[in-house]
Amino acid sequence: MTRIPLMAGNWKMNLDHLEAITVVQRLHWALQDAQFDYSQVEVAVLPPFTALRSVQTVTDADSMAIVYGAQDVSTHPAGAYTGEIAAEMLAKLGCRYVVVGHSERRQYHGETDQEVGEKARAALGGGMTPIICVGEALAIRKAGEHVAYTLAQIDGVYAELGPDLAAGTVVAYEPVWAIGTGEVATPADAQEVCGAIRQRLASLYGRDAAEGIRILYGGSVKSSNVASIMAEPDVDGGLVGGASLDPAEFAKICRFAEHIA
Ligand code: PGA
């Protein structure tokens with residue numbers, strides 16, 4: 001089974017809607033200039049909610065192949081949940097992806113695996129693909145518990161999803177100590193955990209389903225380190241934070257295949 005790699009730019013709380021238009025246009029032009037083949041790598045941006053409508057408009061108007069998604073979603077379909085955004089609203093804006101359970105949401109908003117699983121289910125219910133984030137903090141890695149910890153997160157999140165839904169998910173392994181720190185996991189570190197995640201998905205849902213689920217690595221991905229990480233067999237893409245705010249750099253990351261030695 002061939003998995004088409006996904007490069008997803010997680011903008012976090014950066015770029016207003018006007019800046020978002022500029023960044024998406026520049027990314028599109030950079031990839032166009034390089035005659036980028038979107039059938040080989042899917043390219044997504046994940047703007048703040050306030051920029052989604054603008055990103056939809058600019059990508060539609062110029063028939064761009066860049067897709068987009070949101071950084072979070074409510075577990076609820078509608079109602080008295082002030083400040084929340086429902087899956088249906090995101091689907092209406094043409095979102096293909098929704099990040100759920102990013103470590104910053106787990107850390108600052110106390111999101112649990114169960115809640116992350118409910119969010120993934122909400123995204124799937126809206127016809128979108130959840131990018132389910134997992135990964136360990138530094139102390140856990142130092143204690144050598146990173147695989148067990150991450151797999152427990154996978155178990156907790158996927159407990160909310162049945163086998164039919166699991167196939168429609170993407171996983172992002174993001175060791176917390178590598179996020180925004182400039183400290184990237186080695187390719188072997190990334191493969192160790194991504195491989196273990198795939199094995200766990202295989203034992204939960206069968207080998208075929210697990211082979212079809214894309215597993216991304218995230219944490220200080222840059223054009224200078226992406227190729228070696230992408231060379232690992234169980235890494236199917238990147239969730240890119242800081243480097244995705246620079247369209248020239250993100251375009252280079254999307255072109256990782258050209259710099260695999
Ligand atoms: P970073 O962020 O690339 O800036 O480390 C990755 C992420 O948090 O998704």
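Helix α2 is followed by Ser 63, whose phi is positive, near 45°. Helices (H or I, at least four residues) and strands (E, at least two) are DSSP runs, numbered from the N terminus. The model is predicted, so local features need pLDDT of at least 70 and side-chain atom pairs count only at pLDDT 80 or more, while totals for chains, interfaces and linings use all residues. Residues are numbered from 1 along each chain as its sequence is written, and side-chain values use heavy atoms, with hydrogens and water left out.

**Helix α2**

- Helix α2 covers residues 49–61, which is 13 residues. From its first C-alpha to its last it reaches 19 Å, close to the 18 Å expected at 1.5 Å a residue; the expected span is 1.5 Å times one less than the number of residues.
- Its buried residues are Ala 51, Leu 52, Ser 54, Val 55, Gln 56, Val 58 and Thr 59. Buried means under 20% relative accessible area, exposed over 50%, and partly exposed in between (1.4 Å probe, protein chains only).
- These buried residues pack against α1 (17–33), β2 (42–46), β3 (67–70) and α3 (87–92). Contact means heavy atoms within 4.5 Å.

**Salt bridges**

- There are 18 salt bridges in the structure. Each is a side-chain nitrogen of Lys or Arg within 4 Å of a carboxyl oxygen of Asp or Glu.
- One of them joins Arg 3 and Glu 211, with the closest N and O atoms 3.2 Å apart. Arg 3 lies in the segment before β1 (6–10) and Glu 211 in helix α10 (residues 207–212), so the pair ties together parts that are 208 residues apart in sequence.
- Arg 3 counts as buried at 18% relative accessibility, whereas Glu 211 is partly exposed at 24%.
- Arg 3 and Glu 211 also belong to a network of salt bridges with Arg 198, Arg 207, Asp 234 and Asp 236.
- Lys 119 and Asp 72 form a salt bridge of 2.8 Å, N to O. Lys 119 lies in helix α5 (residues 113–125) and Asp 72 in the loop between β3 and α3, so this pair ties together parts 47 residues apart in sequence. Both residues are buried.
- Arg 255 pairs with Glu 258, the closest N and O atoms being 2.7 Å apart. Arg 255 is partly exposed, at 26%.

**Nonpolar cores**

- The largest nonpolar core has 68 residues, and Tyr 158 and Ile 197 have the most contacts inside it. A nonpolar core is a set of buried Ala, Val, Leu, Ile, Met, Phe, Trp, Tyr and Cys residues joined through side-chain atoms within 4.5 Å.
- Helix α9 (residues 187–205) gives the largest share of this core, eight residues.
- Leaving aside neighbours within four places in sequence, Tyr 158 is in contact with Ile 132, Ala 166, Thr 169, Val 171, Leu 201 and Tyr 205.

**Ala 251**

- Ala 251 lies in helix α12 (residues 247–254) and is buried, with a relative accessible area of 3%.
- Not counting residues up to four places away in sequence, Ala 251 touches Leu 27, Ala 30 and Leu 31.
- Ala 251 and Phe 36 are 215 residues apart in sequence and 9.1 Å apart in space, C-alpha to C-alpha.
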